[in-house]
Amino acid sequence: MTDILPVADLVDQHCHGVLRTELGLGTFEARLATAGGQAAPGTTFFDTQTGFAVRRWCPPLLGLEPHCPPAGYLARRRELGVLETGRRLLRATGVTTYLVDTGLRGDLTGPAEIAVASGADARELVRLESLAEQIADTSGTVASFLANLAEAVHASAASAAAFTSVTAARHGLEPDSGPPSPGTVRGAAGRWLAGRESERRAARTGGGGPSAPYASLDDPVLLRHLLWTAVACGRPLQFHLHSTDPQRLAGFAAATAGLGSDLVLLHSYPYHRQAAQLASVHPHVYADVGAAPARTGARAAAVLAEILELAPFGKLLFSSGAQGLPELHVVGARQFREALGRVLGDWVGDGAWSRTDATRVAAMIGSGNARRVYGPA
Amino acid sequence: MTDILPVADLVDQHCHGVLRTELGLGTFEARLATAGGQAAPGTTFFDTQTGFAVRRWCPPLLGLEPHCPPAGYLARRRELGVLETGRRLLRATGVTTYLVDTGLRGDLTGPAEIAVASGADARELVRLESLAEQIADTSGTVASFLANLAEAVHASAASAAAFTSVTAARHGLEPDSGPPSPGTVRGAAGRWLAGRESERRAARTGGGGPSAPYASLDDPVLLRHLLWTAVACGRPLQFHLHSTDPQRLAGFAAATAGLGSDLVLLHSYPYHRQAAQLASVHPHVYADVGAAPARTGARAAAVLAEILELAPFGKLLFSSGAQGLPELHVVGARQFREALGRVLGDWVGDGAWSRTDATRVAAMIGSGNARRVYGPA
Amino acid sequence: MTDILPVADLVDQHCHGVLRTELGLGTFEARLATAGGQAAPGTTFFDTQTGFAVRRWCPPLLGLEPHCPPAGYLARRRELGVLETGRRLLRATGVTTYLVDTGLRGDLTGPAEIAVASGADARELVRLESLAEQIADTSGTVASFLANLAEAVHASAASAAAFTSVTAARHGLEPDSGPPSPGTVRGAAGRWLAGRESERRAARTGGGGPSAPYASLDDPVLLRHLLWTAVACGRPLQFHLHSTDPQRLAGFAAATAGLGSDLVLLHSYPYHRQAAQLASVHPHVYADVGAAPARTGARAAAVLAEILELAPFGKLLFSSGAQGLPELHVVGARQFREALGRVLGDWVGDGAWSRTDATRVAAMIGSGNARRVYGPA
């Protein structure tokens with residue numbers, strides 16, 4: 001049995017806030033699933049790697065035994081209250097800077113609250129699709145929408161740690177990876193704004209309508225315009241891959257080479273090897289190395305080791321991908337720290353790596369690369 | 001070295017019967033390959049993980065040393081006779097219920113014979129494509145074919161454990177995942193029946209013709225109709241993925257959500273992580289966890305561990321995928337049992353899981369989930 | 001801890017020559033990346049699995065400590081000189097036959113020089129695309145080009161160990177996997193030769209132009225013609241997959257079954273399991289098992305074990321994939337030897353394989369299969 005190499009402080013390059021309300025067993029369980037929704041009849045999301053990882057790491061932080069039953073844990077959580085629970089959990093992650101994606105709907109804490117609860121730094125990640133929807137709500141014409149959007153993206157670039165996009169991987173950006181022409185953009189913006197307006201009217205005149213009354217950004221031309229506007233700002237741009245093959249972004253990666261903005265691939269599992277490979281080809285492409293270990297529990301070390309096969313070690317960044325439950329911030333950080341320590345410790349034990357190199361690489365992946373990519377606040 | 005966790009009785013959710021005839025070395029060897037066919041000149045299918053796993057587990061059950069040479073094993077097999085060999089092997093699997101796909105051509109034993117030989121329960125899996133071919137053989141017109149087919153599917157649903165489809169993944173079900181219109185179905189049925197009739201006539205008037213004289217179900221519209229007819233019955237529906245990406249079935253999975261029939265993804269390796277991911281997204285989608293360990297021999301634990309990364313533990317079902325040789329039923333069960341016991345034992349040893357949880361999950365995957373999904377006979 | 005099984009002499013079924021010039025730190029570092037190009041600012045390609053593997057295996061061969069800093073290693077390298085360094089490194093690989101792809105541009109040593117430096121045998125691999133470009137340079141008309149090309153391919157077949165193609169996987173060969181008609185080929189050849197001629201003229205009359213002045217073989221019809229011409233010669237045909245899914249070649253594999261030429265899939269990682277699966281389906285398809293371990297350093301055993309899941313052991317061939325640096329020949333051979341020995345040693349230790357079988361399989365994959373496929377010089 002080889003030593004587990006110690007991994008120092010972390011920068012969590014992508015997470016969300018935590019819920020402000022007290023949670024029952026059912027609400028808590030639903031938040032354990034990545035895809036949300038219901039567990040199959042006769043099953044529970046507690047019976048997942050995430051559920052087991054929460055039960056491993058979190059009860060001791062609230063004064064309980066590891067792996068205690070969920071009901072007991074939830075009772076203790078309510079006893080402490082949501083604020084104190086969040087405080088205890090977030091302070092146990094070892095994360096010194098959180099980058100917080102604020103574009104998710106729901107009653108979640110923002111960067112300032114995360115900073116207070118955790119005693120760490122927190123910076124904002126601006127979700128491009130949410131930004132476009134906000135601008136659409138307050139812009140009267142196509143021309144003003146496009147002008148305001150450009151201004152808003154540039155203004156965000158001054159303060160945000162990075163941009164994020166959740167729809168790019170779904171649409172794919174092939175085969176036209178370059179910026180669309182101004183005329184095409186105006187046309188697409190016009191159609192999208194008109195669509196939103198008619199949905200808004202339908203929602204007003206009756207009909208329950210969907211919970212999200214206005215169309216989210218589902219126009220590929222407008223999305224491409226938005227990505228190119230963001231790329232021009234020089235801030236890193238994070239892509240949620242939603243378990244799709246990053247090859248879909250290969251054309252965009254090739255088209256944006258040398259422009260000065262870094263691209264960061266998030267949530268690529270089970271295509272994490274492909275993400276690592278893309279990061280090995282393009283100097284400006286980076287791969288996330290934390291969200292998959294956070295979701296795969298006892299398999300975290302094995303998954304993390306696969307990402308370490310082809311990616312240069314200077315191109316890997318940690319994140320928890322946590323949202324809603326501070327337990328997920330804990331699990332993300334603990335799983336990553338233990339998995340990386342175990343993988344690198346084994347390699348040192350085998351003589352494949354020197355201890356000096358392993359310690360240096362652990363610090364790079366845990367925080368050093370993120371500090372270089374995202375810079376100071 | 002951690003303990004191997006014991007895994008109790010198994011439900012084999014997908015296997016086939018065994019050959020009734022004595023086998024020579026060559027016939028036996030050909031049955032070791034998933035894809036069938038010939039080994040390359042100068043090579044043998046005994047030199048595969050399956051071949052080595054057969055030689056590990058089976059000789060001791062017939063009174064020989066593990067890893068004894070194939071010729072010696074085949075001689076002992078002939079000495080005992082095909083019936084006694086089958087009896088000894090099937091009784092050593094630890095399987096208490098076999099679900100037997102009876103749609104494969106060839107002289108294979110059916111569920112009743114499997115039950116007698118093994119001393120276990122056996123139930124039938126009805127292969128939709130074979131059912132459609134049988135109905136076509138006995139129906140005169142398009143209208144009677146479609147009426148008889150609907151009746152046959154519903155009648156099967158009353159007794160069969162589940163339906164299986166072997167062609168859905170090959171055709172893919174995108175982009176039209178919904179049920180086809182009645183007119184489209186009539187048109188497709190007419191063309192398919194006419195095609196069969198002309199092949200039948202050609203076979204009658206001369207020419208050796210292929211061994212399977214009538215067209216198998218290769219019409220995507222008719223197949224889609226058949227799948228939707230089956231889904232309406234409320235029985236589980238198993239899909240052979242034939243090593244294709246289960247993403248091909250994502251549209252069908254989304255379209256059948258909430259209708260009350262479960263979908264089970266078989267033979268997804270090397271896309272087993274994608275299958276597990278689909279099972280994590282949809283409450284009614286399940287993933288098979290046995291056929292890949294059965295085929296990957298010494299790698300069974302590693303492959304099985306990958307399936308356990310994302311799938312909720314209530315969504316995984318064991319199968320051997322065995323066909324033709326009772327040796328493959330043994331290998332499927334033994335490999336799975338040892339692999340699961342080893343993987344979970346390691347996690348308990350690491351402190352990642354509690355022993356109580358591991359024992360419970362082992363029972364769920366080995367048999368509990370199958371009993372819930374397939375219900376009583 | 002189980003024993004590492006010894007692996008005897010190797011046939012490197014695919015490598016390139018080494019650079020004839022002395023290298024500085026930057027030139028050396030650039031050669032460590034598969035994709036070439038620049039490392040991201042603030043990072044170095046020494047911080048990769050390949051970089052760490054070079055620092056593990058090579059310094060002791062030049063009288064230094066393992067894992068010594070790159071600058072010290074490069075200083076020692078210059079002290080010894082490029083010839084002596086190459087001699088020391090190549091003689092430490094344990095490779096007894098190198099198959100050398102001579103189609104790469106750059107000042108690289110050829111098979112004869114490799115043989116002298118290494119004290120081993122070396123044979124040529126003829127790259128089809130380079131051959132077509134050479135013939136185009138010396139043929140005046142479409143008719144003479146096609147006649148000369150056919151003659152050159154057949155002449156190469158008499159002496160070369162095998163053919164290689166670097167563009168087939170990029171183009172894909174679907175959906176038309178058969179040989180193109182003579183008329184189509186003449187048309188494609190005419191267009192390609194005319195394109196080359198006009199580029200040549202443009203390069204002559206001014207304009208910087210690209211560094212490779214004449215179009216490489218990027219016409220899919222002409223490429224397909226070339227592949228079918230090669231297949232007709234009966235020599236093995238190697239495909240560089242460039243990290244693409246080998247499924248792209250499935251149609252070509254099916255179309256060439258039984259014609260007497262073997263197909264060898266190179267560089268399939270991260271699709272190595274798919275390559276192994278294709279090798280399990282077709283008797284004439286083989287999978288490479290060395291280039292991925294060479295590139296994944298401390299992960300070599302894990303990656304190699306994945307390839308050993310589905311491929312029959314008679315269908316796997318070792319290569320280093322090395323180019324430019326003799327360090328990469330060392331790393332390829334050492335990583336493979338240690339990884340295979342460790343994987344098979346573990347399986348023997350577990351009782352999954354017998355020691356006799358493991359020793360036999362190690363010799364097959366290391367050299368026996370290659371000797372059977374490529375035959376004597």
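Between chain B and chain A there are 5 salt bridges, a salt bridge being a side-chain nitrogen of Lys or Arg within 4 Å of a carboxyl oxygen of Asp or Glu. Side chains of opposite charge can pair when their charged atoms come close. You can look for one such pair yourself: Asp350(B) and Arg342(A) meet through their side chains, with 3.8 Å from N to O.

Before going further, a word on what you are looking at. This is a predicted model, in which local features need pLDDT of at least 70 and side-chain atom pairs count only at pLDDT 80 or more, while totals for chains, interfaces and linings use all residues. Residues are numbered from 1 along each chain as its sequence is written, chains are lettered from A and ligands numbered from 1 in the order in which they are written, and side-chain values use heavy atoms, leaving out hydrogens and water.

Let us stay with chains B and A. The count of residue pairs in polar contact between them is 16, both residues being at pLDDT 80 or more. A polar contact is a pair of N or O atoms within 3.5 Å; within protein, one must be able to donate a hydrogen and the other to accept it, and residues adjacent in sequence count only if both atoms are side-chain atoms. On the side of chain B that touches chain A, at least two residues each come from helices H12 (272-281), H14 (300-307), H15 (326-350) and H16 (355-374) of chain B. Helices here are DSSP runs of H or I with at least four residues, and strands are runs of E with at least two, numbered from the N terminus.

How much area is buried between chain B and chain A? The value is about 2,300 Å², and carbon and sulfur atoms give 53% of it. Buried area is the accessible area (1.4 Å probe) that two parts lose on being put together, summed over both.

Now turn to chains A and C. Here the buried area is about 2,400 Å², with 54% from carbon and sulfur atoms. This interface has 5 salt bridges, and Asp350(A) forms a salt bridge with Arg342(C), where the closest N and O atoms are 3.9 Å apart. There are also 17 residue pairs in polar contact across the interface of chain A and chain C, both residues at pLDDT 80 or more.

Inside chain C, find helix H4 (residues 82-90) and helix H15 (residues 326-350), which pack at an angle of about 10 degrees with their axes 9 Å apart. Axes are lines fitted to C-alpha atoms, for helices over the stretch in contact, and angles run from 0 to 180 degrees between N-to-C directions. H4(C) and H15(C) are therefore roughly parallel to each other, as angles under 35 degrees count as roughly parallel.

A polar atom of the Ser243(C) side chain lies 3.1 Å from the backbone oxygen of Tyr269(C). Leaving aside residues up to four places away in sequence, Ser243(C) touches several residues, including Gln277(A) and His267(C).

Finally, a search over all chains finds 69 salt bridges. One of them joins Arg87(A) and Glu84(A), with the closest N and O atoms 3.8 Å apart. These two residues are 3 residues apart in helix H4 (residues 82-90) of chain A, so about one helical turn separates Arg87(A) from Glu84(A).

Technical notes: Contact means heavy atoms within 4.5 Å. Angles under 35 degrees count as roughly parallel, over 145 as roughly antiparallel, 65 to 115 as roughly perpendicular and the rest as oblique.
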